[in-house]
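Reader: I would like to learn how to read this structure feature by feature. Please give the general idea each time, then the case at hand.

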Amino acid sequence: MNSINQSGWKPEMGNAGDTAPATYTGNKALMLEEALIFEIGTAGTTGVDLADAPQVASRLGNLERHRDIGLPGLSEPETVRHYTRLSRQNYAIDLGFFPLGSCTMKHNPRLNEKVARMAGFADVHPLQPVETVQGAFAVIHELAHWLVTLTGMKAVAMSPKAGAHGELCGILAIRAALTARGDARSVILCPESAHGTNPATAAFAGYAVENIPATSEGRVDLAALKARLGPDVAGVMITNPNTCGLFERDMREISDAVHAAGGYVYCDGANFNAIVGRVRPGDLGVDAMHINLHKTFSTPHGGGGPGSGPVVLSEALAPYAPLPFVDKDKDHYRLVEEETAGEHHGSSFGRMVAFHGQMGMFTRALSYIMSHGADGLRQVAEDAVLNANYILRSLEDVLEAPFAHSGPCMHEALFSDNGLAEGFSTLDIAKGLIDEGYHPMTVYFPLVVHGAMLVEPTETESKATLDQFIGALGRVAERAKAGDPSLKSAPHYAPRRRLDETQAARKPVLVWREPEQAVAAE
Amino acid sequence: MRYLPLTPSDRQAMLGVIGAKSIDDLFCDVPAAARLDGPIRGLPNHASEMAVERHFSELARQNMTASHHPFFLGAGAYKHHVPASVDHIIQRGEFLTAYTPYQPEIAQGTLQMLFEFQTQVARLFGCDVANASMYDGSTACWEAIGMAGRITKRTKALLSSGLHPHYVSVAKTMAQYTGDTLDTSLPELSAQTDSARLLAAIDGETSCVVVQYPDILGRIEDLSVIAAKAHAHGALLIAVVTEPVALGAIKAPGDMGADIVVGEGQSLGVGLQFGGPYVGLFACKEKFVRQMPGRLCGETVDAQGKRGFVLTLSTREQHIRREKATSNICTNSGLCALAFSVHLTLLGEKGLRGLAQLNHALAVQAADRLSQIPGVALVNDSFFNEFTLKLPKEARPVVRALADRKILGGVSLGRLYPNADALSNGLLVAVTETATSADVETFAVALQEILA
């Protein structure tokens, strides 16, 4: 691990260092600071030319707004420059390797952006007469067909807006199914390694949440789970592959045991990318699973959304699916809304969102799925798993990999902070990676591993990229093990040094105020 | 397989490093019975970029687009002109392909944008603080009802009959599980809202009153009376704004006493997109900030004292608080928030006010023209850019007949309230800056013919 760079290219390591003169602006060549719009814009500036409004007598119910809103405007060139400058302070998958475990930061194909912007999808209103939007319903229906076929499930609810919203959909379907048979149950079981959204979702739906213990291998403890099952358990929420990057070998037995005890199986599908085209969750006894279209099916994360979380459902839960949904009669698509609920789907648990879900994500995901096809999606899973195992085996001698003995990993490799020098932590490794030009891996998750580092490379990275990353992470890890003090103050080369999160939380400043107002507020 | 960089020889070399004979060895933990031995049957194999594009073009052509036809739909989703630079900016890879800003040192672009967005939303709504977005208006609305319950420790929510029926449905779905009781009723085809019903019903058990502004029929009313009564009984006022452009012309709900203001941000920057993705707006009084759902961006300093931004107050959130979180929301609507913020920055105070004025004036002219048609009556006394017409017959088939003439002539109340006969003659008409006077005339002539 002494070699700096494993990928073939060797950047110049020259450093202007302290000899560089200060600049008048404070900017440094392409490193440009940018003020807030409130500091550079004015109320009288606008970047939009509008027609003059015809003179009419106002009918605003005597509620005209007289007070200033306080919205600064910028001209178009200033606007483009403001946001372009801001954009350059962001790391992104377009820019480099982004191995954020459990988040599946894969390449976002630009074809998807192009088709989503076709006027026939982007410029139609959700409440147009159904006859005028048959092509839009066809997209939803085609994507739904792919999702149920790839998962081996009975039906899919398309409207959930993101993964956590999909979890809620699945849990509400479980609760509706239990209510329908007059079976009030009160507990949902989740492994400790679960995403935080799982217990938060179950609690929202009115369930008490209990932890399922894990084995030393990093998997669900089947015996403990079986021992806990009973007439009060509504279901389990299992992530598979799990957040330790391992396939839950006993999934079928888990499902059978839960079903035998009268409960249902929710599968968190955040990690479906590892198995798409190779394993169908329906074959493992799953009753409901959300699919993050922004993970497995490449729709962009956009700096925190929008996502999309369709939920596939088993035969047992399908009748309780939320409204609305798209149905097909011969060649005609129709939308089943509340109005026809009585006729066709009286047991639906209701509506989760206004309108029909994330159409803009459906077009992108379908474009990606068609591009890969059945054969390509299988290759996606294989390459994602191959890349993760390559990272695991290349680094297991450098960083402790607590479950490396448990067999191959799936789509992500998990390491712990065991063996770092006194006073050095996972956070230091993450910040050191920033200086090396990488977005850090997921840190401190899952909670079951001390100082967890979860590396998910995805299938869209080349071997050369992985080799360079392995070299870089290895070198940063060696520095952390050797107690290199400069690592404690990393990152040194990012647009900002470490930020004071304690101050941010203790005295929250959530909106910009005029300087004198800000003082007055203190 | 153009998105996959590994070559067959890469794969062989990597398997060698791993010590596996074949890729199947890596899937050894999958039970044999669940392992598929080849691509799933019945699905097509990979397709070229050209083939995929062609397929989507064919489907897109089957849809009647808003920009190419006289268009008057609203009801929670509005067609406004979105400046070209908005879409350019949101397609910059540094915004488009970034993740939630968990590593703030290399996410200042997204974080500063969110801080600006929060400030814009708070000011527009007349509130102290706003969050970094929700999924959409309907989910923001039920999150607000839940938040009011946490604050007041009460479970009875009073919903105005002028609240969007989809929002009511979403709240009803969620109330089944949270134990909240919702007091709802259907709107009437009248210039009067049901504020008298709400005022009479507020009592010491009420957690919140939820009022849409302007409401589903387009009516605008002063919220301060309801706010005063709610506050006198220890309840909160939640205002719901589905058309934020209106707030360039009319008073902000926060300035009339609303405690929580939520909304749908679609009409700025985002576009119609057949219903999603949209962007939920969520603002409130500062004292309630620790009960808010969703991400919050806050200002701080870095180790060298430079101003910077971070996600903050995360002890409210699921990834820290798990089953005790204020919400299960994780991914929100970041890129749509960017689109909203860029559009609002381009407009500025002057542009937003001008745009609002233009929308209102065109809507007034259209309302006058359409209500001249024999048998057609304007329901509203007050409205912004959307109003309700009472037709002499059921509106739903009229909307279909208009579509046959290539006119997208509003949303029938029969579509929104399928089982309410008293509303079935109602037609919601939205008129924005995108509607030309020729469009209005075409619409009016066709409507008159269809009704004749």
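Reader: How far apart do the C-alpha centres of domain 1 of chain A and domain 2 of chain A lie?

Author: Domain bounds here come from an automatic or database domain assignment. The C-alpha centres of the two domains of chain A lie 30 Å apart. Domain 1 of chain A is 112–367 and domain 2 is 375–504. The contact between them takes 18 residues from domain 1 of chain A and 18 residues from domain 2. Two residues are in contact if their C-beta atoms, placed from the backbone, lie within 7 Å.

Reader: Which classes of residue make up the side of domain 1 of chain A that touches domain 2?

Author: Ala, Val, Leu, Ile, Met, Phe, Trp, Tyr, Cys and Pro count as nonpolar, Asp, Glu, Lys and Arg as charged, and the others, Gly among them, as polar. On that side of domain 1 of chain A, eight residues are nonpolar, seven polar and three charged.

Reader: Before we go on, what kind of model is this, and how are residues and chains labelled?

Author: This is a predicted model: local features need pLDDT of at least 70, side-chain atom pairs count only at pLDDT 80 or more, and totals for chains, interfaces and linings use all residues. Residues are numbered from 1 along each chain as its sequence is written, while chains are lettered from A and ligands numbered from 1 in the order in which they are written.

Reader: How many helices and strands does chain B have?

Author: Helices (H or I, at least four residues) and strands (E, at least two) are DSSP runs, numbered from the N terminus. Chain B has 15 helices and 13 strands. Its radius of gyration is 25 Å, close to the 22 Å that the globule rule gives for 452 residues, so chain B is as compact as a globular protein of that length. The radius is taken over C-alpha atoms, and the rule is 2.2 Å times the number of residues to the power 0.38. Along its principal axes, the C-alpha trace of chain B spans about 80 × 55 × 50 Å.

Reader: What share of the residues of chain B count as buried?

Author: A residue is buried if 20 or more other C-beta atoms lie within 10 Å of its own, exposed if 12 or fewer, and partly exposed in between; the C-beta atoms are placed from the backbone. In chain B, 62% of the 452 residues count as buried. Among contacts in chain B with a separation of 6 or more, 73% join residues 24 or more positions apart.

Reader: How many residues does the contact take from chain B and from chain A?

Author: Chain B gives 170 residues and chain A gives 180. Helix α12 (residues 334–370) of chain B supplies the largest share of its side, 21 residues. The side of chain B divides into 84 nonpolar, 56 polar and 30 charged residues.

Reader: Now a helix. What span should helix α6 of chain A have?

Author: The expected span of a helix is 1.5 Å times one less than its number of residues. Helix α6 (residues 163–180) of chain A has 18 residues and should span 26 Å; its end C-alpha atoms are 26 Å apart, which agrees. In α6(A), 15 of the 18 residues are buried, so the helix is largely enclosed by the rest of the structure. Gly182(A) follows α6(A), with a positive phi near 70 degrees.

Reader: What do the buried residues of α12(A) pack against?

Author: They pack against β11 (442–443), β12 (453–455), α13 (463–482) and α14 (485–488) of chain A. Eight of the 10 residues of helix α12 (residues 426–435) of chain A are buried, so it is largely enclosed by the rest of the structure. The buried residues include Thr426(A), Asp428(A) and Lys431(A). Gly437(A) follows α12(A), and its phi is positive, near 95 degrees.

Reader: Strands next. In which sense do β2 and β4 of chain B pair, parallel or antiparallel?

Author: Two strands pair if DSSP finds at least two bridges between them. Strand β2 (residues 156–159) of chain B and β4(B) pair in the parallel sense over four bridges. β4(B) and strand β5 (residues 236–241) of chain B also pair in the parallel sense, over five bridges. Cys208(B) in β4(B) is the bridge partner of Ala157(B). In β5(B), Leu236(B) is the bridge partner of Cys208(B). Seven of the seven residues of β4(B) are buried, so this strand is largely enclosed by the rest of the structure.
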